[in-house]
2 protein chains.
Amino acid sequence: MHIHRTIAEIRQFVGQCRAAGQTVGLVPTMGYFHEGHLTLMREAKQKCDVVVVTLYVNPLQFGPKEDLAQYPRDFERDCTMARDVGVDAIFTPLDQEMYPQGFSTFVEVTGLTDILCGQSRPGHFRGVTTVVTKLFNIVAPDQAFFGQKDAQQALVIQRMVRDLNMNLEVVILPTVREHDGLAMSSRNVYLTEEQRRDALVLYRSLCAFRAAVQQGERDAGKLRGMMTDMITTVPGAQPDYVEILAVPDLQPLETLQGGIIAALAVRFGKTRLIDNVIMEV
Amino acid sequence: MHIHRTIAEIRQFVGQCRAAGQTVGLVPTMGYFHEGHLTLMREAKQKCDVVVVTLYVNPLQFGPKEDLAQYPRDFERDCTMARDVGVDAIFTPLDQEMYPQGFSTFVEVTGLTDILCGQSRPGHFRGVTTVVTKLFNIVAPDQAFFGQKDAQQALVIQRMVRDLNMNLEVVILPTVREHDGLAMSSRNVYLTEEQRRDALVLYRSLCAFRAAVQQGERDAGKLRGMMTDMITTVPGAQPDYVEILAVPDLQPLETLQGGIIAALAVRFGKTRLIDNVIMEV
């Protein structure tokens, strides 16, 4: 497995692959891999000849009071895990390689980013779409792989790719969960033992949501109230948002119809976790 | 010469060229060609195997009170002129092809776009960088050609290409002028005979600027005052801005040193013309 730190190097590697007629899959990550990341890499390896994983904790998508400095990192472990699932190259640049002196260009999706995590984390999605555009331009993949756990991110990136005519396919894979249902996240390591138990309320309330919808409930207000009640009964859980919206436009709705997402963000102490379920009704 | 109206068609054309090992040059235009455009096309033809000209009056870069509806158009004449200089394909999409329902992604260069034309035309450069990003993604050229007449646009696009790691070379060619020095512009057709004579003050004041600098003047305030005086003595000329700035960062300066640009925007009735000179002192 190749490890490249400069744009010139990874471009050369991908250029050689492409010259040999190989297709390229990209898995953009911030590292500290878990089974969710590995699932994306395995799927990329299934679908493409060559898999490039980018490992970059992008400062542009963190707010000034967020966990950029604390974000968990373990480069050696990540490399071993990526090699074991057949990744061909890791691109892990330094900040000055990605954001040189005078950097001042940003890619922004409007509307879709005003709500949910965009409202809680101003500037977050601008950081995501800017870095992802750069990674797409650097690697020029045929396909790029993202997880549904970050559902809003996935919708924003799909919109960006469509709007800006980026010449690649975005593949979204289902959320990978722990045995007890907690969505895998690099941030789960922040949780105390008690918070880890409390955090199960995200999945539990999404399951209750799904069951209620399957039993015929269509009133968004009622469903939202039910999930909020479940979350607030857990003393350590502070809901950031509990929303039911139409997909892919993330418009509010009163009555469930068509594609819908139930999306949650909940704080446990300083740790903010997100989860969601997407259904067609 | 091929004429394509859909993204799928032009992509197919360029894909075939690329599969045959040909390099591709792109000349993005809003049509109503003059010698400035043709110079870009000829240079593209010199440097690349295949030349694609995009002809699209981009609504996103016009303000609500600007001349979008009046912008001069003559598609048949443009096609003849492009064919005569050896252009291989014209891509001329409809608005709904470029900005489909729900379009909401924008590319923005900050800082550089706050001044000069960016200050006079809010949103203009966001429209330019967004459409140029789309055209770059659609055509995927090796080189893209722009004129120095729109000097700020050229600097903004160069910054965007660098910041977002777009995989192409931006080529900037010198301003092409009428025999009497007026910078060629599709908007020159708006001018009455009298305004056309008055408009020579742009070039005249830039020549005076250059002569003064060559004779040793380094005081930006004095040079700016001299140009402003020359312009305001013409009754029909209303200066929009008269600036002397450092390039490529467009920072203000008091004493000329290094790369500098003198940039003018002047209104003649409803018609706003721009011109500039770039020097190294």
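**Figure 1. The surroundings of B:Asn58.** Setting aside neighbours within four places in sequence, B:Asn58 is in contact with B:Met30, B:Gly127 and B:Val131; two residues are in contact if their C-beta atoms, placed from the backbone, lie within 7 Å. This is a predicted model, in which local features need pLDDT of at least 70, side-chain atom pairs count only at pLDDT 80 or more, and totals for chains, interfaces and linings use all residues. Residues are numbered from 1 along each chain as its sequence is written, while chains are lettered from A and ligands numbered from 1 in the order in which they are written. You will find B:Asn58 in the loop between strand 3 (50-55) and helix 3 (75-84) of chain B. Helices (H or I, at least four residues) and strands (E, at least two) are DSSP runs, numbered from the N terminus. B:Asn58 is buried, with 21 other C-beta atoms within 10 Å; buried stands for 20 or more such atoms within 10 Å of the residue's own C-beta, exposed for 12 or fewer, and partly exposed for the range in between, with C-beta atoms placed from the backbone. From B:Asn58 to B:Pro93, 35 residues away in sequence, the C-alpha to C-alpha distance is 10.0 Å.

**Figure 2. A:Phe268 and its contacts.** A:Phe268 belongs to strand 9 (residues 259-268) of chain A. It counts as buried, with 23 C-beta neighbours inside 10 Å. Beyond four places in sequence, its contacts include A:Leu191, A:Gln195, A:Gly236 and A:Leu273. A:Ala199 is another of these contacts, and although A:Phe268 and A:Ala199 are 69 residues apart along the chain, their C-alpha atoms are separated by 7.3 Å.

**Figure 3. Helix 9 of chain A against helix 10 of chain A.** Helix 9 (residues 200-214) and helix 10 (residues 220-232) of chain A pack at about 155°, with their axes 9 Å apart. Axes are lines fitted to C-alpha atoms, for helices over the stretch in contact, and angles run from 0 to 180 degrees between N-to-C directions. The two helices of chain A are therefore roughly antiparallel, a label for angles over 145 degrees, where under 35 is roughly parallel, 65 to 115 roughly perpendicular and the rest oblique. Among the residues making the contact are A:Val201, A:Ala208 and A:Phe209 of helix 9 and A:Leu223, A:Met226 and A:Ile231 of helix 10.

Figure 4. In chain A, the peptide bond from A:Val247 to A:Pro248 is cis, with omega near 5°. A:Pro248 sits in the loop between strand 8 (237-246) and strand 9 of chain A. Over in chain B, the bond from B:Val247 to B:Pro248 is cis, also with omega near 5°, and B:Pro248 is placed in the loop between strand 8 (237-246) and strand 9 (259-268) of chain B. Most residues other than glycine have a negative phi, and most peptide bonds are trans.

Figure 5. A:Tyr32 is not a glycine, yet has a positive phi of about 55°. Look for A:Tyr32 in the loop between strand 2 (24-29) and helix 2 (35-47) of chain A, where it is buried, with 21 other C-beta atoms within 10 Å. A:Leu116 has a positive phi too, near 45°. This residue, A:Leu116, is part of helix 5 (residues 116-120) of chain A and counts as buried, with 25 C-beta neighbours inside 10 Å.
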